[in-house]
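Keep the 3D view open as you read.

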Amino acid sequence: MDLSDTNGTSSATTPPGNRLPVGTALAGEPLTGTGRTVINDGVVAKVAGIAAREVSGVHALGGGAARALGAIREAMNNTDVSQGISVEVGETQVAVDVTIVAEYPVQLQQVADDIRSSVIRAIEDLVGLEVTEVNVTIVDIHLPSDEVEAEPNKAALR
């Protein structure tokens, strides 16, 4: 279709119905443009929390108060996956602190190393930030006998 511009010359253009929306690339072509992506600290903390929970030997995340609050949340079917996770996010890098309760009898250093690997992989793959450090603090060890002893107390509360 030929259209005339304001000075009377004609130019070939694509009909309005066949134009691509602004910001759309043709198949196989990269979309180019500018803009800024902001990923909130809470999102990075959730990714780290999910990755840490997937590690074998991790019983729970967080210290005593955080776990007590987490138990209340779970009772209301509202789990906080970033519990026990603290992040410091910069422009391109992130540092993560993870607080856990480990299962007994696991090798604590191995669990900490596995958490580091899992958190680094998840954040770098999903978020795209470089992880500078992952500090793991083990605040307690969960003994299988703890659950057996806690059962009679639950029955007494009913």
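Predicted model: local features only at pLDDT ≥ 70, side-chain atom pairs only at ≥ 80, totals over all residues.

## Starting inside helix H1

Ala-48 sits in helix H1, where helices are DSSP runs of H or I with at least four residues, strands are runs of E with at least two, and both are numbered from the N terminus. With a relative accessibility of 0%, Ala-48 counts as buried. For the cut-offs, buried means under 20% relative accessible area, exposed means over 50%, and partly exposed is in between, using a 1.4 Å probe and protein chains only. Leaving out residues up to four places away in sequence, Ala-48 touches Ile-85, Val-96, Val-119 and Ile-123; a contact means heavy atoms within 4.5 Å.

Residues are numbered from 1 along each chain as its sequence is written, and side-chain values use heavy atoms, with hydrogens and water left out.

## The overall layout

The protein has four helices and six strands, and from the N terminus on they run β-β-α-β-α-β-β-α-β-α. Of its 158 residues, 25% count as buried. Among contacts with a separation of 6 or more, 67% are between residues 24 or more positions apart.

The accessible surface comes to about 10800 Å², and carbon and sulfur atoms account for 51% of that. These areas come from the Shrake-Rupley method with a 1.4 Å probe; for residues, only the protein chains shown count as cover.

## The nonpolar core

Which residues have the most contacts inside the largest nonpolar core? They are Val-96, Ile-100, Ile-115, Val-119 and Ile-123, in a core of 27 residues. Helix H1 (41–53), strands S3 (58–61), S4 (85–89) and S5 (93–103), helix H3 (108–127) and strand S6 each supply at least two of the core residues. H3 gives the most, with seven residues. (A nonpolar core is a set of buried Ala, Val, Leu, Ile, Met, Phe, Trp, Tyr and Cys residues joined through side-chain atoms within 4.5 Å.)

Take Ile-115 as an example: not counting residues up to four places away in sequence, it touches Ala-52, Val-55, Val-58, Val-98, Ile-100 and Val-136.

Ser-118 is in helix H3, and it counts as buried because its relative accessibility is 10%. A polar atom of the Ser-118 side chain lies 2.9 Å from the backbone oxygen of Ala-51. Setting aside residues up to four places away in sequence, Ser-118 touches Ala-51, Ala-52 and Val-55.

Leu-126, also in H3, is exposed, with a relative accessible area of 67%. Back in H1, Asp-41 is partly exposed at 40%. Apart from neighbours within four places in sequence, Asp-41 is in contact with Val-87 and Val-89, and its C-alpha atom is 7.3 Å from that of Glu-88.

## One salt bridge

How many salt bridges does the structure hold? There is one, and it joins the side chains of Arg-116 and Asp-113 at 3.2 Å, N to O. The term covers a side-chain nitrogen of Lys or Arg within 4 Å of a carboxyl oxygen of Asp or Glu. Side chains of opposite charge can pair when their charged atoms come close.

Both partners lie in helix H3, three residues apart, which is about one turn of the helix. Arg-116 is partly exposed at 29% relative accessibility, and Asp-113 is partly exposed at 37%.

## A cis bond and a surface patch

Most peptide bonds are trans. Tyr-104 and Pro-105, however, are joined by a cis peptide bond, with omega about 0°. Pro-105 is in the loop between S5 and H3.

Tyr-104 also belongs to a nonpolar surface patch with Leu-108, Ile-138, Ile-141 and Leu-143, and together they have about 380 Å² of accessible area. Patches are made of residues with over 30% relative accessible area and no salt bridge; like charges are joined within 9 Å, and nonpolar side chains (Val, Leu, Ile, Met, Phe, Trp, Tyr) within 5 Å. Ile-138 is in strand S6 (residues 130–142) and counts as partly exposed at 30% relative accessibility.

Definitions and conventions. Polar contact = N/O pair within 3.5 Å; in protein donor to acceptor, adjacent residues only side chain to side chain.
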